[in-house]
Amino acid sequence: MLISNVVGARPNFMKIAPVVMELSRRKIPHRLIHTGQHYDEAMSKVFFDELGMPEPEAHLGVGSGSHAQQTARVMVAIEEDFLKHRPDMVVVAGDVNSTAAAAMTAAKLGIPVAHVEAGLRSFDRSMPEELNRIVTDHLSDLLLTTEESANQNLKREGITDSKICFAGNCMVDSLLRFRDRAIEKRPWEAHGLSPSHYALLTLHRPSNVDDPFRLTQLMDFAARISYRVPVLFPAHPRTSERMESLGVKLPERVIVARPQSYVTFLGLMARAQVVLTDSGGIQEETTALSVPCLTLRGSTERPSTIEQGTNCLVGEDLDLAEDLVERITLGDWKQGSVPPRWDGCAAQRVVSAIETFSPRASASGVH
Ligand code: UD1
């Protein structure tokens, strides 16, 4: 049996790392393919080093481009790799372009696909990630879910029970493995900050950063809340580019930083007073850490972070966000609880499901 694991962009690495470790522990032959969707050292190599991921056996070097260009380049390059190595299963994670491209290519070659983090839905098809999720799930033979809403979404879309495995959250496996080390590093000190006395901001969604009006509004918001609590803002390359071209000026208490490494960012999240973000994964990580999170989007594909965790959606309403930051700094916020199977053992369940996967059972489940 050979398993090919595919990663491409920053949020894939911490989801696949524990699966790779578990495959190694069980001595199941596997190879790692990096599509190269993210390529800057700070967006990729640093994560491999910190997570202890082996060098990928293949690096496809696809880089940036329009959605069609990026997706097509992954498909062309990864097809060659699949044809050469003929894996028995391809494992993809999350919802980035590389995920959907690899799933589509494998499915057309008749290679079973396992999707880590299947079934999440924002019900907002203007998000490229939502389209990637739908395509990937419907091409997958083994759907490994992180929360109950995902199980329900898949069933509603007609996917049979036999393909769905409620494995839990592999990203939380990585978080629990590195949390103590991350806090011991005291990464806030490098920015002159004190634990539990700063806000941590991240923005990279096209809907927030590509529209100059929205980005300016968000920067004004960051400036306003910085008078209450200093704001640390590690900016994605796409966001820094947009800010530079707009000539954004920020007060001193909004500290703009380069993208942070995995462990450093984990430490920063763990001791933030509040996290403000448009990321998907960070909503889950803050829930796992019991840190208040305000999501600067109108929808979430991760409802358990709101229903059980510490997250709240604020959408476009930055006045509401400002009021909520005030409440949080006054200590008035829900404690939250950690959703089931976010327990550090998700990758074990993923690999057990891969080991017991039978293509015949999956095929009979197709209707
Ligand atoms: C991608 C994912 C998004 C995920 C995010 C995490 C898709 C559709 N989007 O968005 O779901 O939340 O990663 O970061 O797959 N760039 C660099 N260096 C890099 C990578 C990107 O400078 O190493 C810049 C380039 O200008 C590039 C832009 O960022 O055009 C966008 O990169 P891309 O991978 O297309 O999408 P992300 O916004 O990173």
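This note goes through the domains, sheets, cores and a few single residues of a predicted model.

1. Domains. The domain assignment divides the protein into domain 1, which is made of 3–169 + 342–364, and domain 2, which covers 176–329. Taken over C-alpha atoms, the centres of domain 1 and domain 2 are separated by 27 Å. To the contact between them, domain 1 gives 27 residues and domain 2 gives 25 residues.

2. Seven strands form an open sheet in the order 3-2-1-4-5-6-7, and their pairing is parallel. The edges are taken by strand 3 (58–59) and strand 7 (164–166), and because each has a single partner strand, one side of each is left without a neighbour in the sheet. Within this sheet, strand 4 (residues 89–93) and strand 5 (residues 113–118) are joined in the parallel sense by four bridges, and V90 stands opposite V113 in strand 5.

3. Helices on that sheet. Helix 3 (residues 67–85) packs on the sheet, where it touches strand 1 (3–7), strand 2 (30–34), strand 3 and strand 4, and its direction makes about 165° with that of strand 2. Helix 15 also packs on the sheet, touching strand 1, strand 4, strand 5, strand 6 (142–145) and strand 7, with its direction at about 165° to that of strand 6.

4. The buried side of helix 15. In helix 15 (residues 346–356), the residues A346, A347, V350, V351, A353 and I354 are buried. Because they cover an arc of only 155° around the axis, they lie on the same side of helix 15. Two of these residues, V350 and A353, are in contact with L144, whose other contacts beyond its neighbours within four places in sequence are A114, H115, V116, E117, A118, C165 and A167.

5. Nonpolar cores. Which residues have the most contacts inside the largest nonpolar core? They are L51, L144 and Y262, in a core of 58 residues. This core lies between domain 1 (3–169 + 342–364) and domain 2 (176–329), because both of them give residues to it. Another core, of 27 residues, lies apart from it and has V209, L318, L324 and V325 among its members.

6. Strand 9 and its partners. Strand 9 is covered on both faces, with V231 and F233 buried on one side and L232 and P234 buried on the other. The strand pairs in the parallel sense with strand 8 over two bridges, and with strand 10, also in the parallel sense, over four bridges.

7. Strand 11 (residues 274–277) and strand 12 (residues 293–295) run parallel and are joined by three bridges; the bridge partner of L276 in strand 12 is L294.

8. C312. This residue lies in strand 13. Leaving aside its neighbours within four places in sequence, C312 is in contact with C293, L294, T295, L324 and W333. How far apart are C312 and L276 in sequence and in space? They are 36 residues apart in sequence and 9.9 Å apart in space, C-alpha to C-alpha.

9. T305. This residue belongs to helix 13 (residues 304–307). Is T305 buried or exposed? With a relative accessible area of 0%, T305 counts as buried, because that term applies under 20%. Beyond its neighbours within four places in sequence, T305 is in contact with Q283, E284, T287, T310, N311, K334 and W342.

Definitions and conventions. Residues are numbered from 1 along each chain as its sequence is written. This is a predicted model: local features need pLDDT of at least 70, side-chain atom pairs count only at pLDDT 80 or more; totals for chains, interfaces and linings use all residues. Side-chain values use heavy atoms; hydrogens and water are left out. Buried means under 20% relative accessible area, exposed over 50%, partly exposed in between (1.4 Å probe, protein chains only). Contact means heavy atoms within 4.5 Å. A nonpolar core is a set of buried Ala, Val, Leu, Ile, Met, Phe, Trp, Tyr and Cys residues joined through side-chain atoms within 4.5 Å. Domain bounds come from an automatic or database domain assignment. Two strands pair if DSSP finds at least two bridges between them. The arc is that of the directions from the helix axis to the C-beta atoms. Axes are lines fitted to C-alpha atoms, for helices over the stretch in contact, and angles run from 0 to 180 degrees between N-to-C directions.
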